[in-house]
Amino acid sequence: MNIPFLDLQRQYKTIKNMVNPAVNRVLKNQFFILSAELKKFEDDFANYLGVKHVVGLNSGTDALIYALRALNIGKGDEVITPTQSFIATTLAITEVGATPVFVDSDPKTYLIDTSKIEAEITKKTKAILPVHLFGAMCDMDKIMRLAKKHKLFVVEDACQAHGATFKNKKAGTFGDIGTFSFYPGKNLGAYGDAGAICTDIPELAQKIRMLGNYGQRIKYHHDTIGLNSRLDEIQAAVLSVKLPFLDRWHKKRNTIANLYNRLLHKTIKTQQIAINNVSAYHLFVIEVDDRDTLREYLEKKGIHTLIHYPVPIHLQKCYSNLGYKKGDFTCAEKNAERLLSLPIYPELTEKEVRFVANSVNQFYSL
Ligand SMILES: *Cc1c(COP(=O)(O)O)cnc(C)c1O
């Protein structure tokens, strides 16, 4: 067997007859920036999420940066966020000049430990930036309650959680602004870089649209200092073709995750999904001893795995100036050493999933 960690060619084969004409339509029209394809995707995605506004941007990282900027978060402000995430979450905070204040992970869900947030709130705190990591949603009831009590903004990092739900409400739609990445490997992926924000607040949507278009609302009239960050027409056309499949893919990911859980629960721990939550299962992570040896064992059988993420953000070299040290967030540090991601994508066959799970079980019965 050869089971790649992710195989986008398999998905492309199933939608090629729709994607190719969509891309060709853009090539024929020769409108590449801020035109009809983007408008359509923004409307469709807003409709899918159940929000009033979606604004396409260049990437998920930009979505996070522009969200914080639109909320006037910058120098002297603190933003509370998990240390266990992809680095981009924190890069956005430091990019706007604010200070990230890290919180440890919950040992079962691997998400921000909501019981530890309140202790970190100071006079300087402006926002909470939770991450729906691996596709599983944080406890948004608790986070929204804390935000209301302390008058804080909430920006959700939903870059791994397209279509995930908490009590039947979609990821990204709880806070002031939700942020999405359409990096090719994400659950809804473009064929290049792309991202978006969603919000119900029209002023925020308008501000972010201006910031991403040189700070102008009327051409060549610049009301604020903006930059250039746009979701281009080719990517928008691809995303519009893919969006109607998202729910089907989401269900397939959940079927695969259920099968993994059923086959593996006697051997190892997997990410716990809280009741009332449906994960988007961007990643399927297992918590294991002897991770490196297991990886080698699986690799020899043709099963490719990855580590998300080997170093928690508070221990990254680029943030040594923040003054954190090893031992500050024991759960996140333990997870960095113990979590392993198995292949999960809608096109995996049941036979492949069983082969992966059985191989993991075999390793621990040796
Ligand atoms: C992918 C990702 C991002 C950044 O998205 P890009 O489109 O790659 O810039 C941010 N946060 C998380 C949790 C991600 O997984």
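Visitor: In this predicted model, which backbone oxygen lies 2.9 Å from a polar atom of the side chain of Asn 361?
Guide: Asn 361 sits in helix 11, residues 350-365. Leaving aside neighbours within four places in sequence, its contacts are Leu 263, Leu 264 and Thr 267. The backbone oxygen that lies 2.9 Å from a polar side-chain atom of Asn 361 belongs to Leu 263.

Visitor: What separates the C-alpha atoms of Asn 361 and Thr 267?
Guide: Thr 267 is in contact with Asn 361. Along the chain the two residues are 94 residues apart. Their C-alpha atoms are separated by 6.3 Å.

Visitor: Which residues of the largest nonpolar core touch the most other members?
Guide: In soluble globular proteins, nonpolar side chains tend to be buried together. The largest nonpolar core here has 53 residues. Those touching the most other members are Phe 41, Phe 45 and Phe 182.

Visitor: Which element supplies the largest share of this core?
Guide: At least two core residues each come from helix 2 (36-49), strand 3 (99-103), helix 5 (140-149), strand 9 (195-199) and helix 7 (233-242). The largest share is six residues, and it comes from helix 2.

Visitor: With which residues is Phe 41 in contact, leaving aside its neighbours within four places in sequence?
Guide: Phe 41 is one of the core residues that touch the most other members, and Phe 182 is another. With near neighbours in sequence left aside, the contacts of Phe 41 are Phe 182, Leu 188, Leu 231, Ala 236, Leu 239, Ser 240 and Leu 243.

Visitor: Which side chain has an N or O atom 2.5 Å from an oxygen atom of the ligand?
Guide: There are 14 residues around the ligand, and Gly 60, Thr 61, Asp 157, Ser 181 and Lys 186 come nearest. For Ser 181, a side-chain N or O atom is 2.6 Å from a ligand oxygen, while for Lys 186 a polar side-chain atom lies 3.1 Å from one. The 2.5 Å distance is to the side chain of Thr 61.

Visitor: How much of the ligand's accessible area does the protein cover?
Guide: On its own, the ligand has 380 Å² of accessible area.

Visitor: How many disulfides does a search of the whole structure find?
Guide: A disulfide needs two cysteine sulfur atoms within 2.5 Å. For Cys 198 the nearest cysteine sulfur, that of Cys 159, is 11 Å away; for Cys 331 the nearest, that of Cys 138, is 13 Å away. Cys 198 is buried at 1% relative accessible area, and Cys 331 is buried at 12%. The number of disulfides found in the whole structure is zero.

Visitor: What covers the buried residues of helix 4?
Guide: Helix 4 spans residues 88-95, and its buried residues are Ala 88, Thr 89, Thr 90, Ala 92 and Ile 93. Gly 97, with a positive phi near 90 degrees, follows the helix. The cover includes helix 3 (60-70), strand 2 (78-82), strand 3 and strand 5 (153-157).

Visitor: Is Gln 30 buried or partly exposed?
Guide: Gln 30 is in the loop between helix 1 (8-29) and helix 2, and its phi is positive, near 60 degrees. Buried would require under 20% relative accessible area, and exposed over 50%. Because its relative accessible area is 49%, Gln 30 is partly exposed.

Visitor: Which peptide bond has omega near 0 degrees?
Guide: Tyr 309 is found in the loop between helix 9 (291-300) and helix 10 (330-338). The cis bond, with omega near 0 degrees, runs from His 308 to Tyr 309.

Technical notes:
Residues numbered from 1 in each chain as written. Predicted model: local features only at pLDDT ≥ 70, side-chain atom pairs only at ≥ 80, totals over all residues. Heavy atoms only, no water. Core = buried A, V, L, I, M, F, W, Y, C linked by side-chain atoms within 4.5 Å. Buried < 20%, exposed > 50% of the residue type's maximum accessible area, 1.4 Å probe, protein only. Helix = DSSP H or I, 4+ residues; strand = E, 2+ residues; numbered from the N terminus. Contact = heavy atoms within 4.5 Å. Near = heavy atom within 4 Å. Polar contact = N/O pair within 3.5 Å; in protein donor to acceptor, adjacent residues only side chain to side chain. Areas by Shrake-Rupley, 256 points an atom, 1.4 Å probe, with all protein chains shown as cover.
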